[in-house]
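I opened this notebook to keep track of what I looked up in one protein model. The entries follow the order in which I checked things.

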Amino acid sequence: MIFVKFLMYFLKGSSVIAGIYFLNNNPKDKTTQFFVGFLMLNFLVVITSYLPRIIEFNASLNHLQNTFLNNDYWLYNPFILIGYSIYAWYFRMGLRSKLRKRIILLGIISINIVGYAHLYYEGIFFNAHSKLIFLLGFLLIVTSISFYYYELLKSDQVLAINKSVKMYISIGYLFYNLLCMPVWIYSHKYYNHLNPKFGELYSFTISLAHILIYSIYIFAFIYCARKYKPITT
């Protein structure tokens, strides 16, 4: 399990490097610049998430163990909403239909309003994740990707689909959610001291999903780096 965790973090960092490699070969690709910026933010959040462990094993910081800094819910709850918003905006970039772009924008605004309100009124911002946010986020991303696929099939870009970074990212993210969604939904019911096996399954599944998605991202950046040619119609 330690190796799986290490591989997951290694691939997260490597995806940023691969993204920079792609941008060096395609400096005018503003859409991928936006996404690589998000990967950098994601890696920064991963590093920050180690703060609770630093507090736990550092005697001089024992006074922080009874504060919200002793876990990472305060970090990941807003970042989950940010992540869904950024993914949706990423697939919104390049859409031609003003109606579809407005629907995605409305979805982004709605998930943030509903998400933060739910975290606040349920009192779980600092101690739990929200299944509602996961479900709404999944629906938002599926809708955004569906719009992207629809317009892709109606354009000349479908002829170069194997050279599209966005296509690989959409596939990776859909697989990631299909793997994670079941354990996210049932985590509140089974993830406790009475079900240690589920805790192990949860951790392994999430790590495996991250390994899959970031492996796809790395492949996409490297494979498309010298093949990517924007198509205009």
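I began with the term helix: helices (H or I, at least four residues) and strands (E, at least two) are DSSP runs, numbered from the N terminus. By that rule, L152 is found in helix α6.

Entry on the source. I noted that this is a predicted model, in which local features need pLDDT of at least 70 and side-chain atom pairs count only at pLDDT 80 or more, while totals for chains, interfaces and linings use all residues. Residues are numbered from 1 along each chain as its sequence is written, and side-chain values use heavy atoms, with hydrogens and water left out.

Entry on the overall layout. I counted eight helices and zero strands in the protein. Read along the sequence, the pattern is α-α-α-α-α-α-α-α. I then looked up burial, where buried means under 20% relative accessible area, exposed means over 50%, and partly exposed lies in between (1.4 Å probe, protein chains only). Of the 233 residues in the protein, 44% are buried. The accessible surface comes to about 13200 Å², and carbon and sulfur atoms hold 67% of that surface. Such areas come from the Shrake-Rupley method with a 1.4 Å probe, and for residues only the protein chains shown count as cover.

Entry on contacts. A contact means heavy atoms within 4.5 Å. Among contacts between residues at least 6 apart in sequence, 73% join residues at least 24 apart.

Entry on L152. Is L152 buried or exposed? I found L152 buried, because its relative accessible area is 6%. Not counting residues up to four places away in sequence, L152 touches Q157, V158, I161 and M167. From L152 to M167 I read 15 residues in sequence and 9.5 Å in space, C-alpha to C-alpha.

Entry on I86. I placed I86 in helix α4. I86 counts as buried because its relative accessibility is 16%. Leaving aside neighbours within four places in sequence, I86 is in contact with F34 and F38. I86 and F35 are 51 residues apart in sequence, yet 8.0 Å apart in space, C-alpha to C-alpha.

Entry on charges. A salt bridge is a side-chain nitrogen of Lys or Arg within 4 Å of a carboxyl oxygen of Asp or Glu. How many does a search of the whole structure find? It finds one salt bridge. E151 forms a salt bridge with R100, and their closest N and O atoms are 3.1 Å apart. E151 lies in helix α6 and R100 in helix α5, so the pair ties together parts that are 51 residues apart in sequence. E151 counts as buried, because its relative accessibility is 12%.

Patches are made of residues with over 30% relative accessible area and no salt bridge, with like charges joined within 9 Å and nonpolar side chains (Val, Leu, Ile, Met, Phe, Trp, Tyr) within 5 Å. I found a nonpolar surface patch of about 490 Å², made by W89, L105, I109, I113, V114 and L132. Which helix gives the most to the nonpolar patch? Helix α5 (residues 98-121) does, with four residues. W89 is in helix α4 (residues 73-92). W89 counts as partly exposed because its relative accessibility is 32%.
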